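I opened the model to look up ring pairs and helix packing. My entries follow.

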Amino acid sequence: MSTTTQDRLNGLPRAELVEQLLACLDIPRWAADIADRRPFADADAIYRAAEAAAPSLTREEIDQALAAHPRIGDRPKGTDTSSKFSRNEQAGVGDDAELARALREGNEEYERRFGHVYLVCASGRSGAELLEILHSRLDNEPETELRIVEDELRKIARLRLAKVIEG
């Protein structure tokens, strides 16, 4: 992390840093804990703070974080940071109408089964791959799936945190 980036993050008003962190993972305790660990010596210190801030997530926190994520295949229209992140992460879905229909149907089946949105770290993956992953997870037990979702939230948060660090 360059001195400029380090100074920028360490110098941000707390509320502004928390807002940027919430775009990575919409869990207030996580964002507040990271912000309170400043000053950061380097990028690795920020990643360590993020890992330490939420070694495990409660069901309520997972539900809150999921609420900030669109369905796979949906294109968020917002101009906020989280919407921009989602559009970039789902760029591989493309515009195939048949794939969009299959993702929509798969999302609906997943939500009926588990009671929450299907979440996967979509960055760098094609729409067909995301659909295949969705189908492979439909037979999971709800508690197993919840742990997978928690892990996917962490992967997404780390990718987004890198973007916050890079500025």
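I started with Tyr110 and Phe114: both sit in helix α7, four residues apart, about one turn of the helix. Helices here are DSSP runs (H or I, at least four residues), numbered from the N terminus. The model is predicted, so I note its limits: local features need pLDDT of at least 70, side-chain atom pairs count only at pLDDT 80 or more, and totals for chains, interfaces and linings use all residues. Residues are numbered from 1 along each chain as its sequence is written, and side-chain values use heavy atoms, with hydrogens and water left out.

I checked burial next (under 20% relative accessible area, 1.4 Å probe, protein chains only). Tyr110 is buried at 0%, and Phe114 is buried at 10%.

Then I listed ring pairs (centres within 6.5 Å; planes under 30 degrees apart are stacked, over 60 edge-to-face, the rest tilted). I got two aromatic pairs. The Tyr110 and Phe114 rings have centres 4.7 Å apart and planes at 50 degrees, so this pair is tilted. Ring pairs join Tyr110, Phe114 and Tyr118 into a cluster.

Which residues make the contact of α7 with α9? With contact as heavy atoms within 4.5 Å, I found Tyr110, Arg113 and Phe114 of α7 and Pro142, Glu145 and Val149 of α9. The helices α7 (residues 97-114) and α9 (residues 142-166) pack at about 120 degrees, axes 10 Å apart. I fitted axes to C-alpha atoms over the stretch in contact, with angles from 0 to 180 degrees between N-to-C directions.

Notes: Helix = DSSP H or I, 4+ residues; strand = E, 2+ residues; numbered from the N terminus. Phe/Tyr/Trp six-rings, centres within 6.5 Å; stacked < 30°, edge-to-face > 60°. Buried < 20%, exposed > 50% of the residue type's maximum accessible area, 1.4 Å probe, protein only.
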